[in-house]
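Thanks for coming, everyone. I would like to walk through one model this morning, beginning with a cavity and then moving to helix packing.

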Amino acid sequence: MPDVTKTAVENADPMAATAADAAAATGPAPQAEKARSLWGDAWRDLRRNPYFVVSGILILLLLLIAVFPGLFTSASPTYADLRNHYLGKPEYGKVFSAEWLGYDGQGRSVFARVIYGTRASITVGVSVTVLVTVLGGLVGMIAGYFGGWVDTILSRLTDVFFAVPFLLGTLVVLNSFTDRTVWVVSGALAFLGWTQIARVMRGSVITIKQADYVHAAQALGASTSRILMKHILPNAVAPVIVVATIALGGYISAEATLSYLGLGLPTSVVSWGQDISGGAQQIRTAQHIMLYPSIMLSITVLAFIMLGDAVRNALDPKLR
Amino acid sequence: MADVTKNDEAVSDEVAAVEAAIAKPVERGEPILQVRNLVKHFPLTQGILFKKQVGAVKAVDGISFDLYQGETLGIVGESGCGKSTVAKLLMNLERATAGEVFYKGQDITKLSRRALKAVRRNIQMVFQDPYTSLNPRMTVGDIIGETYDIHPEVAPKGDRRRKVQELLDVVGLNPEYINRYPHQFSGGQRQRIGIARGLALNPEIIICDEPVSALDVSVQAQVINLMEKLQDEFNLSYIFIAHDLSIVRHISDRVGVMYLGKMAEIGTDTEIYDHPTHPYTQALLSAVPVPDPEAREHRERIILTGDVPSPANPPSGCRFRTRCWKAQDRCATEEPLLAIPQRFVGDDTPAAHESACHFAEEKDVVHAVN
């Protein structure tokens, strides 16, 4: 076997090039090609997915509003003029002005409040998701990798938290705080929300840790932290990202629900949940007060769920 | 884990002892790895919270053999006979239930993590499935180069890329491929990457767990030839686990036949293939496809009945007796030991090799019986 040490790519002999070994080398010009990975393939797939494009643009717009609300309205969300009370119905001709979407019960511009309320909702959604992913991911990874009694204890702990009704539990936790800032609300939601991620992560890690490349790393004498960070985490994280993206929309609506029930953010914070809660009391006389924050909330939640769905499809080779 | 119970001083002593043992050179033909009564039982438990052991799967149940420096020891046997568990035990990926593995005279089954790491530098493994043995998120350079991150004393930092490229060249891959991902390669190329990873630390022993059974037949030969070339080049000793008898014969100097967690027969390749004395080996060999239709007409086929018994509840006495045509009452009560059969002791025939059968006799099944 003279050509054992040569691959067909560099071998000029056409007979040797039939060696099945080298036939699968990708592309006719190996030096020009770019390295492809699961994420690279997913990205190519996503760019052509209309759901991803639409949800991505919406999310970018929402992030822009959250960071720079002043770019979108010059009106103040807290400036109240009681002369506009109830009388300030929407004036659809005056696009992007304070009067556009009318005024609420205290004479504050609904449009300005919708714009400024974005920040609180997005902040809660993103920070809860980050907290939940870190906490649940850590618990799930440790339980899945070490197994045995560590797994038993952590899994039962997860079950305990899972058994607590999410909203009811969060209400009880928040009730013990008098100063409910965005961070307190986020923490309370994350406190009971991490169980789903932990379960997904645990299952994913248990599958990955049986792969031969993990055994190969163990056979080389790799430390546990190296195996977890370099081999397990990058391969196990995809389903977690999908679940977290979908859950993000749920956390935003959970914050709105809590504010509606009076145990979310305080009235001094401008948020959609607050406005929906306040608007609900005047639903018979002035529907617009509740309508527009609700529309924004629905769009945001939908955008994140669509994004999560698109990412899941792109990361799952079986659905491709 | 052993390192929990040992204090730092004891661990340092142990590491020093292991490193001294590793530094000893072993002459060609001397045993480098000695396996003695190796046992692995996987417990079968019942109950969720309070687990109760109700039995054990006896995956490996008392195996002994030697691996000599520079040779290839083939281990064959059907699926589920414990071949891969032996590989995992030798690599310390599983802790042995009982028994010892002596590497250059040093028992490596009960070492601390640090001492084990030194041993791992010299005993490496090539895995069965090249599609799952390479991390899909790492480039080839990272996969092979990781060995130097774990054992930084083997290669200085600036030297690693060059070393990885050298290794790629040694296993017959283009060194330019260093930045590619595993899925850009074919099965045979991936297995070469796996071999390069095994070679990276310059080990003395490579344990190959069915390294070619996931590959195309045309590629199998290339990989086998590569492994033979590397053995000569780097003076390696192989333990070659497979279920393909012809490939094992091609590469091995000695062959061990396993059945249900036990070694049935062990000897040189001529002894096993041309002069088998254990009925299981004879049955296995009679199932090898013969490419010559004339010879095929004449040869005797031994067709075994029944299935392999469960390793959780193996038969008493000889494990093979439930499917053996020679089985008698003695086989159920007395377990045959792996030794040169009494009737051949002192004879200078190739049949005088270790075989675990009370009624061992020679039977040439591979060659046509006229």
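The lining of the second largest cavity comprises nine nonpolar residues, two polar and no charged, where Ala, Val, Leu, Ile, Met, Phe, Trp, Tyr, Cys and Pro count as nonpolar, Asp, Glu, Lys and Arg as charged, and the others, Gly among them, as polar. Please keep in mind that this is a predicted model, in which local features need pLDDT of at least 70 and side-chain atom pairs count only at pLDDT 80 or more, while totals for chains, interfaces and linings use all residues. Residues are numbered from 1 along each chain as its sequence is written, chains are lettered from A and ligands numbered from 1 in the order in which they are written, and side-chain values use heavy atoms, with hydrogens and water left out.

The cavity in question holds about 50 Å³ of space, and its lining includes B:Cys318, B:Cys324, B:Cys331 and B:Cys357, along with B:His278 and B:His358. In total the structure has five cavities of 30 Å³ or more. A cavity here is a set of points, on a 1 Å grid over the protein atoms alone, where a 1.4 Å probe fits but cannot get out, and lining residues have an atom within 4 Å of a point; grid points are joined across faces, edges and corners, and the volume is the space filled by probe spheres set on the points.

Turning to chain A, the unreviewed UniProt entry lists residues 118–308 as "domain: ABC transmembrane type-1", with the caution that such annotations may be inferred rather than shown by experiment. The same record places a "transmembrane region" at several spans, including 232–254 and 289–311 of chain A. Residues 232–254 are 100% helix, with end C-alpha atoms 32 Å apart, and residues 289–311 are likewise 100% helix, with ends 35 Å apart.

How do the helices pack? Helix 4 (residues 110–146) and helix 5 of chain A have axes 7 Å apart at an angle of about 145 degrees, the axes being lines fitted to C-alpha atoms over the stretch in contact, with angles from 0 to 180 degrees between N-to-C directions. Their contact has six nonpolar, two polar and one charged residues.

Helix 5 (residues 148–163) also comes within 9 Å of helix 8 (residues 195–208) of chain A, axis to axis.

Helix 8 of chain A and helix 10 (residues 224–260) of chain A, finally, pack with axes 9 Å apart, and their contact has 12 nonpolar, four polar and no charged residues.

Definitions and conventions
On a 1 Å grid over the protein atoms alone, a cavity is a set of points where a 1.4 Å probe fits but cannot get out, and a pocket is an open set with protein on both sides within 12 Å along at least five of seven lines; lining residues have an atom within 4 Å of a point. Helices (H or I, at least four residues) and strands (E, at least two) are DSSP runs, numbered from the N terminus.
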